[in-house]
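Here is a short briefing to read alongside a protein model. Keep the structure open and find each residue as you go.

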Amino acid sequence: MTWWVIVNPAAGRHGELEPRAHAALRRTGVDYELRVSRDAGHVAALVAEGRQAGARRFAAVGGDGTAHLVVNGLMAAPWDVPPVLAILPGGSGSDFIRTFALPKQLEAAVDHLATDEVYPCDVGVIEGSFGSRYFLNAVNVGVAAASVRIAERLPRRLGGVRYGAGFWITLAGFPAAEIHLDVDGRAFSGPAISVVFANGQYFGGGMNVAPRASVMDGKLDIQVFSGPRRQAFTVMPRVMRGLHLNHRGVRRFEGSQFHLRCPEAWPVEADGDMQGSGEVTGTVVPKAIEFKI
């Protein structure tokens with residue numbers, strides 16, 4: 001069966017991913033059709049083109065943002081059988097594949113396309129003033145989302161380090177605010193600086209933010225990081241290693257549906273891409289895709 005491969009030329013070094021992907025795929029010997037996106041909006045059209053051509057196996061060449069766009073294209077219409085998604089990492093923030101300990105290099109990851117192993121994978125969906133968006137890895141609301149804006153302005157040569165740097169730069173000007181969160185009937189009200197809705201375990205440049213998350217349990221791993229801001233200095237070092245869940249400044253929930261009321265100005269990001277701001281609701285589409293491992 002043919003792989004429908006979509007390359008994001010904005011990921012990685014300028015212009016390098018398309019020839020690298022061609023070379024790696026030819027070496028592996030798999031059947032494939034390769035398309036290069038013009039921009040973010042073009043990705044959905046390329047997914048639709050593949051579907052029209054009879055493709056069921058899709059590969060995103062880039063980072064988590066590229067996979068996010070491909071997933072939204074895949075979820076735009078129902079499937080009789082879940083489609084297969086592979087990620088061939090080429091961006092600075094390929095965090096989702098860390099959950100499966102997959103290679104971080106495109107040339108090594110492409111070998112997996114020649115095997116049959118797949119893993120049933122949930123997909124999350126959020127709704128807000130920005131509309132409706134699907135996500136594969138995680139959604140952040142609050143200071144963690146705001147830090148993405150700063151990280152995107154830092155030099156790409158810093159790799160995943162720029163996400164941590166962006167957080168500390170942003171934290172100084174981001175005060176705690178009152179929020180209300182409902183998760184499958186359980187509620188939290190109080191001051192917070194950030195809320196995480198995780199499907200995968202790693203994000204933010206390799207931080208093990210959700211070590212107990214599972215991509216196939218029909219639930220999201222949801223964490224509230226409460227104020228004051230000074231607690232971040234003891235929480236964040238633990239987050240790097242996934243040892244923060246028993247910290248007094250962290251409240252954890254599991255659930256398939258949520259509703260978050262927060263300040264209108266609080267930014268919302270999904271899979272590393274900014275979506276909008278303010279109040280959000282969300283749910284899970286269980287085992288919506290099969291992830292190539």
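Arginine 51 lies over the face of tryptophan 79. The distance to the ring centre is 4.0 Å. Keep in mind that this is a predicted model.

**Aromatic rings**
- The count of aromatic pairs comes to seven.
- One of them joins phenylalanine 197 and phenylalanine 258, and this pair is stacked. The ring centres are 3.9 Å apart, with 15 degrees between the planes.
- The two partners come from distant parts of the chain, 61 residues apart. Phenylalanine 197 belongs to strand β9, while phenylalanine 258 belongs to strand β12 (residues 257-261).
- Phenylalanine 197 has 0% relative accessibility, so it counts as buried. Phenylalanine 258 is buried too, because its relative accessible area is 5% and the cut-off for buried is under 20%.
- Phe96, Phe100, Tyr119 and Phe291 form one aromatic cluster.

**Helix α1**
- Helix α1 covers residues 17-28, which makes 12 residues. From first C-alpha to last, helix α1 reaches 16 Å, close to the expected 16 Å.
- Which residues of α1 are buried? They are Leu17, Ala21, His22, Ala24, Leu25 and Thr28.
- An α-helix has 3.6 residues a turn, so residues three or four places apart point the same way.
- The cover over the buried residues of α1 includes strands β1 (3-7), β2 (32-36) and β3 (57-62), along with helix α4 (106-109).

**Strand β7 and its partners**
- Strand β7 spans residues 138-142 and is mostly covered. Five of its five residues are buried.
- β7 runs antiparallel to strand β9 (residues 186-198), and five bridges join them. Within this pairing, valine 139 has phenylalanine 197 as its bridge partner. That is the phenylalanine 197 of the stacked pair with phenylalanine 258.
- β7 also pairs with strand β13 (residues 267-270), again in the antiparallel sense, over three bridges. Here valine 141 stands opposite valine 268.

**Histidine 68**
- Histidine 68 sits in helix α3 (residues 64-74). Is histidine 68 buried or exposed? Histidine 68 is buried, with a relative accessible area of 1%.
- The side chain of histidine 68 reaches the backbone oxygen of tyrosine 134 at 3.3 Å.
- Leaving out residues up to four places away in sequence, histidine 68 touches Arg133, Tyr134, Phe135, Ala270, Asp271, Asp273 and Gln275.

**Serine 37**
- Serine 37 lies in the loop between β2 and α2 (40-52).
- Its relative accessibility is 5%, so serine 37 counts as buried.
- What does serine 37 contact beyond its neighbours within four places in sequence? The contacts are Val7, Asn8, Pro9, His42, Val43 and Leu46.

**Alanine 288**
- Alanine 288 is part of strand β15 (residues 280-292). Alanine 288 is buried, at 13% relative accessible area.
- Not counting residues up to four places away in sequence, alanine 288 touches Met75, Pro82, Pro83, Cys121, Asp122 and Val123.
- Alanine 288 and aspartate 111 are 177 residues apart in sequence. In space, C-alpha to C-alpha, they are 24 Å apart.

Terms used
Residues are numbered from 1 along each chain as its sequence is written. This is a predicted model: local features need pLDDT of at least 70, side-chain atom pairs count only at pLDDT 80 or more; totals for chains, interfaces and linings use all residues. Side-chain values use heavy atoms; hydrogens and water are left out. Helices (H or I, at least four residues) and strands (E, at least two) are DSSP runs, numbered from the N terminus. The expected span of a helix is 1.5 Å times one less than its number of residues. Buried means under 20% relative accessible area, exposed over 50%, partly exposed in between (1.4 Å probe, protein chains only). Contact means heavy atoms within 4.5 Å. Two strands pair if DSSP finds at least two bridges between them. Rings of Phe, Tyr and Trp (its six-membered ring) pair if their centres lie within 6.5 Å; planes under 30 degrees apart count as stacked, over 60 as edge-to-face and the rest as tilted. A charge sits over a ring if NZ of Lys or CZ of Arg is within 6 Å of the ring centre and within 35 degrees of the ring normal. A polar contact is a pair of N or O atoms within 3.5 Å; within protein, one must be able to donate a hydrogen and the other to accept it, and residues adjacent in sequence count only if both atoms are side-chain atoms.
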